[in-house]
Amino acid sequence: MKTLCKTAVTPVVVAALAAFAFSGIALAGWEPKKPVDFVIMAGKGGGADKMARLMQSVIEKHKLASKPFIPINKPGGSGAEALVHLKQKAGDDHTIMVTLNSFYTTPLRQPGLGVDVMTFTPIGRMAEDTFLLWVNKDSGINNINDFVKAAKSAGNKWIMAGTGKGQEDQLLTSFLNKAYGLDMKYVPFKGGGRVAKELAGKHANSTVNNPSEQLGFYEAGNTVPLAAFTPDRLPLFKDAPTFRELGKDFVYFMQRSVVGAPGMSKEAEDYYRDVFKKVYQTEEWQGYMTKKSLQGEFLTGDDLKAYWKREKDNHQKMLKDIGEI
Amino acid sequence: MEILDHLMQGFAIAFQPLNLGLVIFGCALGLFIGAMPGLGSVNGVAILLPMTFLVPPTGAIIFLAAIYYGAMYGGAISSIMLGIPGASTAVATTFDGRPMALQGLADKALITAATASFIGGTISVILFTLFAPPLAAVALAFGAAEEFALMMLAFATFIGLGGDDIPKTLFSIFIGLVFSAVGLDIISGQPRLVFGDIPGFLHGINFLVLAIGIYGIGEMLWTIESSKGDVKISQATVTVRRIIDDLRTLKDTFKSIVMGSILGYFVGILPAAGATPGSLMAYGVAKTISKHPESFGKGNPEGVAAPESANNAASTGSMLPMLTLGIPGSPTTAILLGGMVIWGLEPGPMLFIEHQEFVWGLIASLYVANVFSLLINVAFIPAFIWVLRLPFTVLAPIIFVLCIVGGYAPTQDMHDVWLILIFGVVGYLMRKLEYPLAPAVLAIVLGPLAETSMRQALLISNGSFLTFFERPISGPIMAAAMVLFLLPILKLVKDKFWSRAAT
C-alpha cells in the first residue's frame, strides 16, 4: 500500500513541478544561466571600452539582467583577437561583444582570420559616433578654405595624427587628400585621447577626432572643429559646416553595436536585444549620447544586418582606394 | 594662498564620514588586490568600477583612487615575501626585496617599502597640489621625440644593471626587445611574430606574463634545485625593537627615496609611461648614484626604497594628465577616465574650474589614503612574515598556483598560462647559465614605448634622426642619455689607466 501510494504520488509531484517550472520560463523567457562574457574589441580606456563600461554600469544600476555582464578586453590585432574569439564561441549563448568599425576593416584586411561578420548575431546598434576635422586654435585656421590653403603649401610636412593604420582616421585622411588635392602625412598613435593631445600640444597639424575625444580641449579653447563628416550639422558644434554643405558628398560614422556569437539561440538573441533596447532608452544612455554628440536610432535584427552589409561594402571600397587590400 | 583654501575645502570633503570610510575600505582592498600576483590596480579598479554608481562621483573617484594607492603599497608584499611581483609596478621591488627576505630581513624590506611608498606618495601629492596646471603644460609639450629620448634615458640607467658580463646583458636586453615586438604593430597595422595567426599572440606578450614566469616559476625551480628541497630561509622575526632599529637605519635610503619620488612623479605625468617604467627607472638611477652599486640585486634596501617610492609617486603623477588633459598617464588611470565619463564629468582643462569640489576632494583624499595605506600595511607586517614560516613544501605549491591564476586572470586566456610555464623554464635555464634577467624585463616594458615613439618621430621628421637632438626638450634628455651610455666605458678606461699607473 505504502509503495503504491508513493509510486502514484511521484508522477503527480513531478508533473506539478514541471508545470511550475514551465510557467516560470514562459513568464520570464530565456535568461542567462551564468555570468555573460562581455567582450570589448579594444583596449582598456579607449572609446569602445568607456562605452562598454557605461553599458555595464547602466545594466547593473537598473538591474536589467539577472546575471552580471563581465567586460573582457581583447584588443589584439585591431580587434582580430576578439573576432576570432567570438567566431570560436559559435553557438554560445553567453558571449556578446561591443564592436566598432574594425568589425568591418579587420576581416577585410586579414582574410586569413576566416571571419565573416555577417554570420554574427545582430543584437543592437547603440549609437553612431561622429567625426569632425580639427585644428589647433593657434594655427589661425578658421574654415576649410584656410585649411586647404595651409595644408597645400605644407605638402607632406602637414601632419595628420590618427588612431591605427587602415582604420577610420586613415580612411578619412585619404578622403581629404583626394577631395582637396592634398598630400597630408598620416601618423598613427595609440588611442583617440592621445591623438587629441598631440593636436593640443601642436605635435600634429590636424586630426579627425570624435567629439568625445576633443571635447575637453575644445571647451578650453585649445582646438577648433572645421567641418563635420555628418549629414547635418551637430548641435554641439553649430559653427562647423558639414562636408555636404561644402560640396563634398561624404558621410562617415563609427558604429557602436553589440553583437552575439554566431549561431546564438533565438531565445538568447531576443533576451539580449531587450536588455540593450532598455539600456538605449535609459536616461543615462540618452544623456551620454547628447553630451558626446552621438547619433543613430536603435537598430536590431535584419535592419542591423542590412546596415552591416552596406557599411561593409562601403569599407571594402574605401580600403581598396587607399591600397590596403 | 588660494591653493591652501582649495585644499582645506578638499579636506572637508575627504573627511566626510562616507568619503573617509571609502578611503579606508579602498586602501585595505587595494592592499589585498596589489598583493595578489596578477591582480594589479588595473584589474581591481576595472572590476569595482560599476559599484561606484552607488555613491556620488566624488566618493566614487576617492574610492577608486584609494584602491589604486593601496595596490601600489600591496604590490611590494608578494614581491618581497614570495619573489613574485604582485603587480607590474612592483617588479623592480623583487630585485632586492626578495634577496632581503631570504637573508631574514623581510621585516626590514617591508618597512622600507611601506615608508618609501608613504614618502613617495606624500612628496608627489604636494607637488601635485602646488604645480598641477604648469605641469600639465609640460605633459602637453611631450611629443613622440621627447618620449623616445626619455626611453633612451631609461635604457641608459640600466646599462650597469646586468653586472659585468656585457655580452650576456646585451643578449638579455635583445631577447626582451624581440618579445616586445610580438603583436600588432600600430604604425603599419600588421601583426608581427604571431606564428601563423595564433590568436593569443595578437595582444602581444604581456609584461606580467614574462615577469611571473621568470620570477615566480623560474625562481622557484632554481630554489628547489639549489637547495635540493631542503630550503633554509633565515627566519624573520618581528619585535617592536627590530622595527625601531629598522626605522633608524632607514635614513641610509633617504637619498634614494627622495630621488625615486621626484623621478617617479615626473615619469608618471608623461602620457603612456606610468608607474612601471617609473619604478624601473628609479631602480636604475638609485644604483647609478649609490655608493655601493655592487650590492644591488643582493639585498640592498635602497633597491627596495627607490622603486617603491617611485611607483606611488607615479600613480599620483599619472592622475595629472588624466584630470587636466583627459589622457591617461597609466593603464589604471585609463579606467578611472572611463569612470569619469560614466559619472558625467568631462576631464580636460576646464575640470579644475568647473568641478573644484571633485578635484580638490580627490587631492585631499590622496593625502588621507597615504596615511591609511601606511598604517594598514604596517599593522599587517607580522601576518606577512608568518607566510615565510610556512614549510617550503607548502609554500612552493601555493606560489605555483598563484602564478598560474595570476597569469590567467588579466586576459582569461590559457595561451598566457602556457607562456608563463615556458618563460619559467627558460628563466630557470638563464639563471643557471648566469644570464641577468632584469634587463629582459626592462626591455619588454620600455621596448614598445621606445619603438613606437621613435617611428612616429621619424615619420614626422621625414626620417631625420636630428629631430631627437634639435628639439628643446628632447635634446637635453638625449644628451644626458648619451653621457650615461658612455659612462661605463669611460669608467673602464679610467680603471685601466689607474691600474697601469699604479704598477
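Two residues are in contact if their C-beta atoms, placed from the backbone, lie within 7 Å. This is a predicted model, in which local features need pLDDT of at least 70, side-chain atom pairs count only at pLDDT 80 or more, and totals for chains, interfaces and linings use all residues. Residues are numbered from 1 along each chain as its sequence is written, while chains are lettered from A and ligands numbered from 1 in the order in which they are written.

Chain A is divided into domain 1 (36-129 + 253-321) and domain 2 (132-237), with bounds that come from an automatic or database domain assignment. The C-alpha centres of domain 1 and domain 2 of chain A lie 26 Å apart. Where they touch, 14 residues of domain 1 of chain A are in contact with 13 residues of domain 2 of chain A. On the domain 1 side, α4 (102-109) and α11 (301-321) of chain A each supply at least two residues. By class, this side has three nonpolar, seven polar and four charged residues; Ala, Val, Leu, Ile, Met, Phe, Trp, Tyr, Cys and Pro count as nonpolar, Asp, Glu, Lys and Arg as charged, and the others, Gly among them, as polar.

Chain A contains eleven helices and ten strands, taken as DSSP runs (helices H or I, at least four residues; strands E, at least two) and numbered from the N terminus. Strand β6 (residues 159-163) of chain A runs parallel to strand β7 (residues 185-189) of chain A, and five bridges join them; strands pair if DSSP finds at least two bridges between them. Within this pair, A:A161 stands opposite A:V187.

The contact between the chains takes 43 residues from chain A and 41 residues from chain B. Several elements of chain A each supply at least two residues to its side, among them α3 (80-88), β7 and α7 (192-200). The greatest share comes from α2 of chain A, with eight residues. This side of chain A has 14 nonpolar, 14 polar and 15 charged residues.

Confidence is expressed as pLDDT, the predictor's confidence in each residue, from 0 to 100. Chain A averages a pLDDT of 87, and 91% of the residues score at least 70. Among its elements, strand β5 (residues 132-136) of chain A has the highest mean pLDDT (97) and helix α1 (residues 2-28) of chain A the lowest (46). Over residues 1-27 of chain A the pLDDT is below 50, and beyond near neighbours in sequence this stretch has zero contacts in the model.
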